[in-house]
Amino acid sequence: MLFKDRRSAGQVLARELAAYANRPDVLVLGLPRGGVPVAFEVAEALNAPLDILVVRKLGVPDQEELAMGAIASGGVRIVNEYIINLLKISDEVIARVAVQEERELERRERLYRRNRPLRDLQGCTVILVDDGLATGATMWAAVVAVRKQQPSQIVIAVPVAAPETCHELEAEVDKIVCISTPSSFQSVGIWYEDFPQTTDEEVRYLLAKAAKNGEPVSLGM
C-alpha cells in the first residue's frame, strides 16, 4: 500500500482506530518529527487531544540509519544488544552517541514544550503514533517512557511497518495497528509518494492548531 503523504496516511490510520473516538480517556502522542503530521490527523478524527513524546534514535556511527538503541523523554534509554554485540560497539561509543542525541532531545523539548505544565498519563489510553516503523527502536523507547506513568492502555498505531518489528512490538502493548506490513519493507519513506522531512515549525504549528486557544498542552514523562 502506497500512501500519498503523512496527512493521508493519518486519515487512513484514523479509520482503523474509530473505536477510540470521543472517549475522554484517550490521548494521542505523536513521535516527532515525522509522526506528528500523522498523529494530528488521528487526533482530529478521534476528537482526542494531541501531544508529543520526544524520542531519538541512537544510530551506529557511520551507519546512522541503523539503530543500536534509542532514548526518550524522562531519561529512558534502550539498547539493541544484538547490534551492539554483532558490530562490537564499545560502551564509550554508545555513551558518546547518547550524549549527542540527548542534546537534540533537550533542544526539541524546549522548542516544542516551551515550559508547559506536565500531564499525568496514569489511567489514560495512550495512542502512540509514528509515520512508520523500521527497526522500531524509537517506538520501543516511547513505550517504556509511557509505561512508567501507568496508563490503562498503550496502543501503537502506524501506517506502515516492517513485519517483524510489528510482530515484536505486539507483545509489548495492549494493541498495535499497522496498516501495511510489506515483506519487502526496505524503509519507511518508499511507501509514501511524498515524504519530505518534517520541520520543527510544522510540529509547533500542528500542536498549536490541535490545542485549545492555539496553545499546545505539553506532557512530561
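**Briefing: salt bridges, a disulfide and a surface patch**

Arg107 is partly exposed, because its relative accessibility is 29% (buried means under 20% relative accessible area, exposed over 50%, partly exposed in between, with a 1.4 Å probe and protein chains only). Salt bridges that share partners join Arg107 with Arg33, Glu104, Arg108 and Asp200 in one network (a salt bridge is a side-chain nitrogen of Lys or Arg within 4 Å of a carboxyl oxygen of Asp or Glu). This is a predicted model, where local features need pLDDT of at least 70, side-chain atom pairs count only at pLDDT 80 or more, and totals for chains, interfaces and linings use all residues. Residues are numbered from 1 along each chain as its sequence is written, and side-chain values use heavy atoms, leaving out hydrogens and water.

**Confidence**
- The chain has a mean pLDDT of 92, and 95% of its residues reach 70 or more (pLDDT is the predictor's confidence in each residue, from 0 to 100).
- Over residues 213-221, pLDDT stays under 50.

**Salt bridges**
- Side chains of opposite charge can pair when their charged atoms come close.
- The structure holds twelve salt bridges.
- One of them pairs Glu104 with Arg107, with the closest N and O atoms 2.8 Å apart.
- Both residues lie in helix α4, three residues apart, about one turn of the helix (helices are DSSP runs of H or I, at least four residues; strands are runs of E, at least two; both are numbered from the N terminus).
- Glu104 counts as buried because its relative accessibility is 19%.
- Glu101 pairs with Arg56, their closest N and O atoms being 2.7 Å apart.
- Glu101 is in helix α4 and Arg56 in strand β3 (residues 55-60), so this pair ties together parts 45 residues apart in sequence.
- Glu101 and Arg56 are both buried.
- Asp51 pairs with Arg113, with the closest N and O atoms 3.9 Å apart.
- That pair links distant parts of the chain: Asp51 sits in strand β2 (residues 50-52) and Arg113 in helix α4 (residues 91-113), 62 residues apart.

**Disulfide**
- A disulfide is a covalent bond between the sulfur atoms of two cysteines.
- The count here is one disulfide (a pair of cysteine sulfur atoms within 2.5 Å).
- Cys166 and Cys178 form it, with their sulfur atoms 2.3 Å apart.
- Cys166 lies in helix α6 (residues 163-170) and Cys178 in strand β8 (residues 175-180), twelve residues apart.
- Cys166 is buried because its relative accessible area is 12%.

**Surface**
- Tyr82 lies in helix α3 (residues 81-86).
- Tyr82 counts as exposed because its relative accessibility is 59%.

Conventions
Contact means heavy atoms within 4.5 Å.
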